[in-house]
Amino acid sequence: MRKILTIALACLLHTTLYSQQGSLLVEKMLEAGLVDIQSLDSDILVDLKYSSTDNFVGKDMYGELEQAFLEPEFANRVVKAQQLLKQRHPDYTLLIYDAARPISVQRAMRKMVEGTELESFVADGMLGGRHNFGVAVDLTVATNDGLPLDMGAEFDEFSEASSVKGTPDTNVASTRTIEVYRDYVKSLAKRGVISYESANNRILLLEIMCEAGLVPYRREWWHFEELLSMSQTRERYKLLNF
């Protein structure tokens, strides 16, 4: 009986600590001036992959945090993309996988992949990446009941099939246009890397996001950001230093 009670108390303590972690992160996000995307558009779906073990590190990094927070102006661009999507496909919606990420979580993630082939996909934990300033979002298109469309590669699948551009990113607008992305995605389908159906789905996502003023990271079809250098990002926005 004592052993059962000990296990029960340990489980309760673990749940309580996770709940407190989630509440603390919400408080810190709000203090940093970020907004919950669903407070702007409740139709946008959220399934934070780093609040589960369904991610490339296989570990829950956020605890009980379930809301997707973003810098206000950036969040408005995501809402604009949702509106564009609804105009074209009323039965579809955006589904967010990740948004603002505290630098403490970034450092923990970076430590997990240092020295591995995945290191280049995780921003440096010292200076931080765009997620750590609340100006990057990972998302997809889903049906209104939450079924993600086939994009040809899974979230956090780091392979050629996840790419949306064949050359390195620059901050020159002419190198990061919908035409550039559309042509490359079509080339993936022609080479049999992804299906034509998934290519069309991916192009739909690219079109609405680009029209809303956000561009993808070339190696991750799910990641969108502003057309700013990291130095400009760090000058303009505040690091989520918690």
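Me: What is the mean pLDDT of the protein, and what share of its residues reach 70 or more?

Reply: Good place to start! This is a predicted model, and its mean pLDDT is 91. Of its residues, 91% reach 70 or more.

Me: Where does pLDDT stay under 50?

Reply: That happens over residues 2–20. For this stretch the model has 4 contacts beyond four places in sequence.

Me: Why are strand 2 and strand 4 said to pair?

Reply: Pairing needs at least two bridges. Strand 2 (residues 45–46) and strand 4 have 2 bridges, in the parallel sense, so they qualify as a pair. You can look for Leu45, which stands opposite Leu95 in strand 4.

Me: How many bridges join strand 4 to strand 5, and do they run parallel or antiparallel?

Reply: There are 6 bridges between strand 4 and strand 5 (residues 136–143), and the two run antiparallel. Since at least two are needed, these strands pair as well.

Me: Which residues of helix 4 are buried, and why do they line one face of the helix?

Reply: In helix 4, residues 103–113, the buried ones are Ile103, Val105, Gln106, Met109, Arg110 and Val113. Looking down the axis of helix 4, these buried residues fall within an arc of 150 degrees, so they line one face.

Me: What follows helix 4?

Reply: Gly115 does, and its phi is positive, near 85 degrees.

Methods: Residues numbered from 1 in each chain as written. Predicted model: local features only at pLDDT ≥ 70, side-chain atom pairs only at ≥ 80, totals over all residues. Heavy atoms only, no water. Buried < 20%, exposed > 50% of the residue type's maximum accessible area, 1.4 Å probe, protein only. Helix = DSSP H or I, 4+ residues; strand = E, 2+ residues; numbered from the N terminus. Arc of directions from axis to C-beta. pLDDT = per-residue confidence, 0-100. Contact = heavy atoms within 4.5 Å.
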